[in-house]
Amino acid sequence: MNLETMTALELGAAIKNGEISAVEAAKFSLGQIDKYDKKFSCFVTVQDDVLQRAEEVQKKISSGEYTSPLAGVPMGIKDNMCQKGIQTSCGSRMLSNFKPTYSATAVEEIMKAGAVPLGKLNMDEFAMGSTSETSFFGATKNPWNVACVPGGSSGGSAAAVAAGECFYALGSDTGGSIRQPASFCGVTGIKPTYGSVSRFGLVAYASSLDQIGPIAHNAADCTAVLAEIMKQDKKDNTSVATKGADLAAVLNADVKGTKIGIPTDFFGEGLDKEVAAAIEAAAKQLESMGATVEKFDMPIVKYAIPAYYIIASAEASSNLSRYDGIKYGYRADDFEDLLDLYTKSRSEGFGMEVKRRIMLGCFVLSSGYYDAYYRKALQAKALIKEAFDKAFEKYDLILGPVAPTTALKIGENLSDPLKMYLGDIYTVMMNLAGLPAASVPCGFDSKGMPVGMHLIGNYFDETKILGAAHAYQQVTDWHKRKPTELVNM
Amino acid sequence: MAKTTSWEIVMGLEVHVELATKTKIFCSCTTEFGGAPNTHCCPICTGMPGVLPSLNKAVVEYATKAGLALNCEITRYNKFDRKNYFYPDLPKAYQISQLYLPICRNGGIEIEAENGGKKVIGIHEIHMEEDAGKLVHDPWTDSTMVDYNRCGVPLIEIVSEPDFRSANEVIRYLEKLKAILQFIGVSDCKMQEGSLRADINLSVRPVGSEKFGTRTEMKNMNSFKAIARAINGESKRQIEVLEDGGEVKQETRRWDDNKDASFAMRSKEDAQDYKYFPEPDLIPIEISDETIEQTRNSLPELPEAKRQRYVSELGLSEYDASQLTTSKYLVALFEQNLEAGYPAKELANWIMGEVMRLLSDSGREPEDMTFDYSYLGLLIGMVQKNEITRNTAKKVFKAVFEEGCDPVRYVEEHNLKTVTDTGAVKAAIQEVVAANQKSVDEYKSGKEKALQYLIGQSMRALRGKADPQTVTAILKEILG
């Protein structure tokens with residue numbers, strides 16, 4: 001049995017069949033973390049009770065209490081999801097001492113399925129960033145090339161899966177934070193429909209856009225995770241009842257007769273030629289499998305970035321106001337009075353990118369500017385939703401690139417936030433519209449860095465997206481390739 | 001400006017009312033007043049990272065009830081908004097409130113105007129929001145501590161139009177508002193516990209002027225009397241400023257009832273930009289016509305309707321009827337005994353007389369009455385059956401009111417029953433007559449006053465337990 005090449009479902013099946021125990025699997029993962037994490041810095045925290053938990057899970061598998069196909073499989077959780085008693089830092093100095101007394105609903109659900117959490121995964125501070133470089137705990141490195149970023153903000157989640165340090169991970173996606181790092185690290189990730197996974201216990205960045213989802217080796221694993229966490233939750237007022245994710249349907253899916261639309265506007269200026277070529281090739285592949293592929297215009301794309309950064313920053317400025325040094329989190333040592341306590345704690349506790357977005361958010365919400373910015377952005381959001389509604393009248397799925405480039409060099413974008421923001425051009429629209437979308441490995445550039453294709457579905461069509469991805473992964477092996485850095489070690 | 005100018009005061013009110021729901025607006029913590037600091041809270045009402053609000057539906061129901069009782073239009077499509085500001089008693093650093101689509105609009109209630117006529121005070125809007133915590137300053141350690149127990153207690157803010165012209169109008173409006181909200185059961189409206197708080201926007205202008213003057217907002221009044229004093233104090237202050245040629249500054253002022261003066265808290269220049277935007281964590285609330293009708297039908301008889309009925313059906317005076325209906329508790333005292341068969345007028349007389357006097361003497365509100373309401377009826381019954389005299393009844397009621405005594409037992413234990421044995425009454429009077437020959441002579445020589453003295457002495461000898469009319473008749477008979 002080669003655990004290094006196993007998927008989460010394969011490992012789950014082996015545990016169920018008694019070929020390996022949950023404890024052995026957990027030991028293997030802890031070994032992988034020991035071996036690789038110094039190099040990639042995926043984990044902020046490795047839990048000290050992993051083996052205990054694995055033992056307990058193994059008992060419940062043996063007794064028949066845990067029946068999920070993922071029971072006993074070691075996994076990781078992005079550090080913005082609360083887990084009772086475990087430091088939940090959001091990659092920030094501000095919460096570097098914060099241990100919640102409660103767990104996120106998604107974490108509780110995956111625990112009920114018998115997950116064995118290894119620890120908390122690195123991320124851009126408060127999920128703001130596309131490189132995982134803004135973490136207070138240092139940058140995560142891309143397992144395909146340590147000189148490159150893993151993408152972000154769920155960079156720790158994607159890199160940990162790619163590096164084989166865990167079998168799957170929970171990430172969160174506000175403007176592409178699951179899909180872009182999945183693309184950069186050559187793994188599969190999906191942001192489900194807004195409202196389908198409870199946000200309770202997910203430390204908010206932009207409440208109307210945030211959504212939890214899985215990152216794993218392939219579409220089938222992602223489906224199995226989604227099946228456990230897509231549940232309506234009365235603790236999240238915006239959560240909705242869905243038909244969930246259907247693993248059996250995904251495993252049996254094909255793309256015969258699937259109508260796929262490709263927006264021509266996704267192929268404009270700024271898109272790397274090699275990325276474009278990989279996406280075109282993937283489209284051909286899907287066509288050869290029986291799908292019909294057609295190009296169409298979607299000029300609304302140009303409003304996506306400004307609308308996204310206005311709405312996300314506005315909500316973030318309010319969501320992050322609670323970190324004031326009063327009750328928990330970072331508090332400055334010396335202060336004169338209340339205002340000074342607030343100012344110093346927030347100035348010292350937050351990093352540059354977080355402060356930039358808080359200021360941007362405060363500006364667009366301030367009296368006299370609300371109508372010019374926030375209200376306009378909401379209108380753009382409505383138009384984007386409308387454009388997708390129209391497109392889905394014609395197509396089952398929409399295909400395009402996830403990001404305009406492959407993984408960039410560390411430090412390349414940090415000094416140029418505008419350039420970094422433009423890198424989100426293909427992903428933010430699905431958050432604005434609330435649509436489900438996946439990143440699926442579909443090739444490599446000439447530097448050997450992975451390319452992901454973007455598969456976007458209509459509301460609650462997670463099974464359709466993952467079915468197409470699974471069918472594609474049955475005839476391609478991009479998702480099975482091992483990162484260069486691992487091979488070289 | 002000439003000192004002869006006469007001024008008109010213009011006011012509008014913002015009244016915060018804590019709703020009497022069992023649990024908080026966005027979590028399941030209790031709304032109970034008091035409790036050791038930070039024992040009525042959870043990660044949600046203390047705004048911990050990652051938690052989300054879940055709306056308590058009863059809050060919408062209570063706010064709808066209040067709106068209907070205050071003659072408002074109910075907003076069918078409601079949203080919550082965030083009001084952002086930093087303060088240690090606000091753990092999320094934003095208050096979930098309603099700015100753009102408040103639940104009720106365009107209502108009003110009728111009050112008696114200064115000229116004796118009727119006047120409608122317009123209600124601009126009512127919105128739902130969450131209360132903040134409390135800061136407790138400890139002078140010993142010179143530190144401030146935060147108590148989050150009140151965080152997330154549901155509030156409605158009732159915003160009036162600037163329709164008030166005198167302190168009396170404000171008090172009448174607040175009394176009426178309080179009565180209505182208590183009647184429909186949405187709040188206990190206890191000012192001392194902060195479950196009803198009024199902020200007053202006040203400006204003055206020369207009589208006849210159409211233009212509003214610059215207003216100040218006054219906070220921190222915790223009784224109706226303090227409100228009246230604050231209005232008089234602040235209007236005098238503004239008039240003095242203007243008469244001295246100065247300008248009133250738009251600012252928020254804190255009323256200090258001990259110093260009988262208001263002090264500036266913050267001026268318009270430091271006014272916060274609350275950066276309101278729609279609350280993304282809560283989906284819009286839709287209220288159907290059906291729900292509104294059901295709620296309307298569930299409302300109890302409101303004070304105004306009761307007042308009219310008391311006059312037309314029970315024959316009470318306008319004054320008695322309107323005083324009785326200022327309080328849910330007075331009405332309960334009245335109606336409970338009315339149902340038990342005691343006469344309306346007699347009950348009204350007792351409540352308007354003894355009950356009101358004892359309340360006012362003890363500085364208490366009707367809601368503070370702790371005795372069993374049926375005791376008033378029992379007492380009236382004893383008078384009706386001539387078991388005790390009216391005077392004895394008044395004395396007994398004092399014990400009922402103050403100590404909650406059962407009047408029947410009290411009368412027995414204290415041996416207060418009327419002496420009905422005329423022989424015994426006669427004997428007692430004869431003794432008085434024998435011992436007061438001087439008064440007897442005076443009476444016989446035509447001094448009516450002397451008779452009163454003899455009656456008094458006789459009643460005293462009988463320890464007040466005889467019917468005064470009987471005593472008078474027997475006395476006259478003896479004196480010939």
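**Entry 1: helices 2 and 3 of chain A**

A crossing is called left-handed if the near helix is turned anticlockwise from the far one by less than a right angle, and right-handed if it is turned clockwise. With that written down, I looked up helix 2 and helix 3 of chain A, and their crossing is right-handed. I note here that the model is predicted.

Helix 2 of chain A covers residues 22-40 and helix 3 of chain A covers residues 50-62. I found that their axes come within 8 Å and cross at roughly 150°. Angles over 145 degrees count as roughly antiparallel, so helix 2 of chain A is roughly antiparallel to helix 3 of chain A.

Next I listed the residues that meet. Helix 2 of chain A brings Ala22(A), Val23(A), Ala26(A) and Leu30(A). From helix 3 of chain A come Val50(A), Leu51(A), Ala54(A), Glu55(A), Val57(A), Gln58(A) and Ile61(A). Sorted by class, this contact has 9 nonpolar, 1 polar and 1 charged residues.

**Entry 2: helices 12 and 14 of chain B**

I then turned to helix 12 (residues 422-435) and helix 14 (residues 448-461) of chain B, whose axes come within 9 Å and cross at roughly 130°. That angle makes helix 12 of chain B oblique to helix 14 of chain B. I recorded the handedness too: helix 12 of chain B passes helix 14 of chain B in a right-handed crossing.

On the helix 12 side of chain B, the contact is made by Ala428(B), Ile429(B), Glu431(B) and Val432(B).

**Entry 3: domains of chain B**

Which domains does the assignment give for chain B? I read off domain 1 (7-290), domain 2 (301-413) and domain 3 (422-479).

For domains 1 and 2 of chain B, the centres taken over C-alpha atoms are 34 Å apart. Their contact takes 7 residues from domain 1 of chain B and 7 residues from domain 2 of chain B. On the domain 1 side, helix 2 (residues 167-183) of chain B gives the most, with 5 residues. That side of domain 1 of chain B has 4 nonpolar, 1 polar and 2 charged residues.

**Entry 4: chain B against chain A**

Last, I asked how many residues of chain B are in contact with chain A. I found 25 residues of chain B in contact with 34 residues of chain A. The chain B side of this contact has 16 nonpolar, 4 polar and 5 charged residues.

How values were computed. Residues numbered from 1 in each chain as written. Chains lettered and ligands numbered in written order. Predicted model: local features only at pLDDT ≥ 70, side-chain atom pairs only at ≥ 80, totals over all residues. Contact = placed C-beta atoms within 7 Å. Nonpolar A, V, L, I, M, F, W, Y, C, P; charged D, E, K, R; others polar. Axes fitted to C-alpha atoms, helices over the stretch in contact; angles between N-to-C directions. Helix = DSSP H or I, 4+ residues; strand = E, 2+ residues; numbered from the N terminus. Parallel < 35°, antiparallel > 145°, perpendicular 65-115°, else oblique. Domains from an automatic or database assignment.
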